[in-house]
Structure formats: C-alpha cells, structure tokens
Amino acid sequence: MTLIILGLGSSALAQTYNTFEPSKTQFMLRGYGHTGFEYLDTGGEQESTFLGATFAPIFLYKHSDKLMFEAELEFELEGNELKTGLEYADVMYVLNKHMTVRAGKFLLPFGTFMERLHPAWINRLPSRPLGFGHDGIAPASDIGVELRGAFDLGGPKLNYAVYVTNGPRIKDGSEEPEEAGMLDFGYYEDVNLAKALGGRIGLLPLSDSSMEWGISAYMTNSTGAEDSDYKDVGAFLWALDLSYVKSITPLQGVVDIKAQYNSSNVDTATYYEIEDGISEPYSFDNQSSSFYTQLSYRPIMSGSDFMKQLEFVGRYSDFNAPEGAEWEEKSTQYAFGLNYWLSWRSVVKFSYQTTKMEGGHDSDGTTRTNGLFVHWAIGF
Amino acid sequence: MKTTTNFKAAIILSVMASIMVACSSNKKPIATDTATEVAGSEVDFKIEKSGAQLWGEVCNRCHIAPSPADYNDTDWETISLHMRVRANLTEEEITKIESFLKSAN
C-alpha cells in the first residue's frame, strides 16, 4: 500500500517537475511604476499635488538566442484622463557578432538620456534635464529600422547604431501659432517621402568600461508635408554624450557622471503671425541647443548600512530656443537630490530644483520656478 | 542655410563611417599579434576578464547592477539578450556575464 502511494507520489512529482523544464521560447512581463508629491512656486504662485501613479508594463519575448521582441506600454493619469502610450514596440535579430537589426518603434540612440537613462528607476532625479521630453529638442523615439553593434578593440570598446525613420514634422503654426518652427518628434505618421537618417558612435576608451564618449547625428531633408510650403525645410541635429561610472576607494563609493549636449538646426522658413486679424510673415534663425551634466555619489563602501543606501545628486541643465521665435527662451536649471535605494530598482528621491527662464510660452520676462519633489520609483 | 546643413551632415556622417570602417577592418585583435611574437610572456594573460569582473564593470554603467540571485537562469537568458542589444555590449562581454549570472544565482 505504502509502496503504491509512494509510486503514485513520485510519478506525480516527476510530472510536476517536467512542467518546469525551460521552454525554448521565453516570455517575460516586466516594467516600472512611479508616484510622488510635488510643490512648485512659480514667481510667487504656489501649487502642490500628489502625482498620479504611472504604470509602464514591458513585454519581452525571446524566441531564440537571436530573435526577440520588446514593447512598453505607458499608462498615466493626465488630469482626470487616462493617457496611454506605446513607448516602443520593436523586433530585433542578431545578424552576427557585430550587428543586430531592429525594426518597429524604438527609442532613438540620439545621445544617451532617452534611450538609456530616462526610466524613473534609472534617472537619479525626479525630472528630466531641460531640452528633453515635451517640447524638447532631442528626438526620443520613432518608427523605422536600425543596425547596431559593438566591437572589442582589445581593451577599449566601440559601439555604433545607424537608423532610418519616418522623421519629425515641423509645426507650421496653423494649429499652435506660438510653436511655429518647432520640430514635432512625437508625430509618428510620415508626412512626406523624405526619411530621417541618424546614428551614434560610442567609444569606451578604458579597458574597465568606466568611461564612454558618444557622438550622434540626425538629419532629414524635409519636415513639411509633401504639398506644403515647408516641404524643403530640412533639419540637422547633433549631440555629444559622456558617461563615467567608477568605484573610487578613497571616496568610499561610486561616482557617476553623465552629460549630454544637443544642438538642433532647422532650415529658415517663413511663418505667419496673426495680429489684429492681419497675417504678418516673420522668420528667424531656427537654432536651439541644450546641455546637462549630472554628478552623483553613492557611499557603498561606508561602514553604515543606512549610508550605503544613500545617494547624493546634483545636476545642471540649460536650454536655448531660437531668438525671434514665438517660443524664444533661455533657461537654466539646478537640481539637487538625495536618494534612498530600497533595492537596485526601487528608489525614493527627494529633490529641490530651481529654474530661471527668460521668455518662454507664457511670458516675456524672467520667471523663476522653485520646486520640491518626493518621488518613489520601482522597476519590477 | 540648406547647403550648410547638408555639409555639416556630410562631415559628421563621413567621420562616423570612417571610424566604423577602421574598426571593422581591424579584425585581428592587437593581443594576438603580440602574443605570437612574445609567446609565453605576460602578454598572454592580457585582458582575460572573468564574467564576475565584467558584471561589476559593465552592469552598473546605466543603472545599479542586479545580483545574480535576482533572477533564474531562464530570465537571465532573456535579460542578457535584451541588454546586449539595448546597451550595445560586445558578444564576449554578454556571453561571459550571462554564464556568471547563471552560475551564481
């Protein structure tokens, strides 16, 4: 009797065990979320709010050692509306040791911030540097194809990426006159036959991979619709980026430096301003730039367990929008942060940020905005 | 305006192209050349980094590096392919790191 029970038990066990055999294909659901509180003082006007939680599930499907699909959805409350977004959805195939092809909607390797550093659990501060994100000058994602890969140079390493995508659309001012001349990188539908061409080269000169320099370029011959006056308005953008991450014994911790400079040059064109019912043409030299540098330090070799989880961050960023444009602006920002790491992917961030803006959408004078932020981000 | 834009674009793209060509034609790693000449010398032991060391150097360049115990073998395979592409790592780096993560979890 006992034998029979044992026998049955073991065959049942064996069956259960079998279902744990790894399958050839793998599907993973990952992602991240964040929430927080912020207090802002803009030229004496105060506001404070808890921020709606953002939830971004990431789907990873590995078909084989070479073929994979990645997609990220984004759910966010904007006011009372649930905003959804498709951050990326692309398929990739490893062609050989040095080359992988990607196609679909992917994050663009224009510099490193958007592709590698913007997720809330990676970004050391609750906000993005000036020049990135909504109304930013750096392209973040697009639909197209890309080749990328890396080479070992016997110590130093080199990596590259080249891509062709639908490209941006120029805002001609017909919908939002105050934004005439801005490039809209969030307009994914192709408005013309021209495509955007871009690439980045990264060099890691030291054999311990602690430092990386990158140069990126992005261009298109046309940003307007095929039958519009803006068809021949081209754009050329370039960026420089730096990353340095090193554990330094005398400092008892890890020092992390990041920086990126973006430059955008859009061909000069004529836009129209409606004043007293009369349409007045105007034009300006459409050049913008932005820069940020960030230093952070984690005392991971400290004797105290509490200190080990802490991180101190400082960031400077600036943004210059073209003189003569309706969106003319010169801004500088300082941000300081203190982070407490609960795990490698979960962090509570406290930060103070002060921004000085000359010009900008809403006013002609100088506006100073001070903000206090508490954010909690978690990757899963 | 247009011409200067295209001109700048051409310069930057040609610099990029020449760096890429230079690197892809440099098929033989420098180490093999010297190793055959000075066989047996210390050059032979050059840059043979372990997976553990590479994990420590590579995986915290963008975010804090996860520990081997954070995921099982199957998950590490998917994550390794994902990171290989996203972080543009060399095949050697990711192969060694993946074996280390799978052996130490």
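Biologist: How much area is buried between chain A and chain B?
Modeller: In this predicted model, the area buried between chain A and chain B is about 5,000 Å², and carbon and sulfur atoms give 64% of that area.

Biologist: Which three residues of chain A supply more of that than any other three?
Modeller: Those are Met28(A), Phe236(A) and Trp344(A), which together supply 13% of the area that chain A buries against chain B.

Biologist: And how many residues are in contact on each side?
Modeller: On the side of chain A there are 70 residues in contact with chain B, while chain B brings 45 residues to the contact with chain A.

Biologist: What about charges, how many salt bridges are there between chain A and chain B?
Modeller: The count between the two chains is four salt bridges. Lys62(A) forms a salt bridge with Glu77(B), and in that pair the closest N and O atoms are 3.9 Å apart.

Biologist: How many residue pairs are in polar contact across that interface?
Modeller: The rule finds 15 such residue pairs across the interface of chain A and chain B, counting pairs in which both residues have pLDDT 80 or more. Sorted by class, the side of chain A that touches chain B has 30 nonpolar residues, 18 polar residues and 22 charged residues.

Biologist: Switching to salt bridges in general, how many are there over all chains?
Modeller: Over all chains the count comes to 33 salt bridges. One of them joins Asp90(A) and Arg102(A), with the closest N and O atoms 3.9 Å apart. This pair links distant parts of the chain, with Asp90(A) in strand E4 and Arg102(A) in strand E5, twelve residues apart.

Biologist: Are Asp90(A) and Arg102(A) buried or exposed?
Modeller: Both Asp90(A) and Arg102(A) are buried.

Biologist: Which residue does Asp241(A) form a salt bridge with?
Modeller: The partner of Asp241(A) is Arg200(A), and their closest N and O atoms are 2.8 Å apart. Asp241(A) lies in strand E12 and Arg200(A) in strand E10, so the pair ties together parts of chain A that are 41 residues apart in sequence.

Biologist: Why does Arg200(A) count as buried?
Modeller: Arg200(A) counts as buried because its relative accessibility is 4%, and the cut-off for buried is under 20%. Asp241(A) is buried as well, with a relative accessible area of 2%.

Biologist: What is Glu146(A) paired with?
Modeller: Glu146(A) forms a salt bridge with Arg148(A), in which the closest N and O atoms are 2.9 Å apart. Glu146(A) counts as buried at 1% relative accessibility, and Arg148(A) is buried too, with a relative accessible area of 1%.

Biologist: Which residues are linked in a network of salt bridges?
Modeller: The network includes Asp90(A), Arg102(A), Glu146(A), Arg148(A), Arg200(A) and Asp241(A), and among its other members are Arg61(B) and Arg86(B) from chain B.

Biologist: Now the rings, how many aromatic pairs are there over all chains?
Modeller: The count comes to 25 aromatic pairs over all chains. In one pair, the rings of Phe284(A) and Trp327(A) have their centres 6.4 Å apart and their planes at 85 degrees, so the pair is edge-to-face.

Biologist: Where do Phe284(A) and Trp327(A) lie?
Modeller: Phe284(A) lies in the loop between strand E15 and strand E16 of chain A, and Trp327(A) lies in the loop between strand E17 and strand E18, so the pair ties together parts that are 43 residues apart in sequence. Both Phe284(A) and Trp327(A) are buried.

Key:
Residues are numbered from 1 along each chain as its sequence is written. Chains are lettered from A and ligands numbered from 1 in the order in which they are written. This is a predicted model: local features need pLDDT of at least 70, side-chain atom pairs count only at pLDDT 80 or more; totals for chains, interfaces and linings use all residues. Side-chain values use heavy atoms; hydrogens and water are left out. Contact means heavy atoms within 4.5 Å. Buried area is the accessible area (1.4 Å probe) that two parts lose on being put together, summed over both. A salt bridge is a side-chain nitrogen of Lys or Arg within 4 Å of a carboxyl oxygen of Asp or Glu. A polar contact is a pair of N or O atoms within 3.5 Å; within protein, one must be able to donate a hydrogen and the other to accept it, and residues adjacent in sequence count only if both atoms are side-chain atoms. Ala, Val, Leu, Ile, Met, Phe, Trp, Tyr, Cys and Pro count as nonpolar, Asp, Glu, Lys and Arg as charged, and the others, Gly among them, as polar. Rings of Phe, Tyr and Trp (its six-membered ring) pair if their centres lie within 6.5 Å; planes under 30 degrees apart count as stacked, over 60 as edge-to-face and the rest as tilted. Helices (H or I, at least four residues) and strands (E, at least two) are DSSP runs, numbered from the N terminus. Buried means under 20% relative accessible area, exposed over 50%, partly exposed in between (1.4 Å probe, protein chains only).
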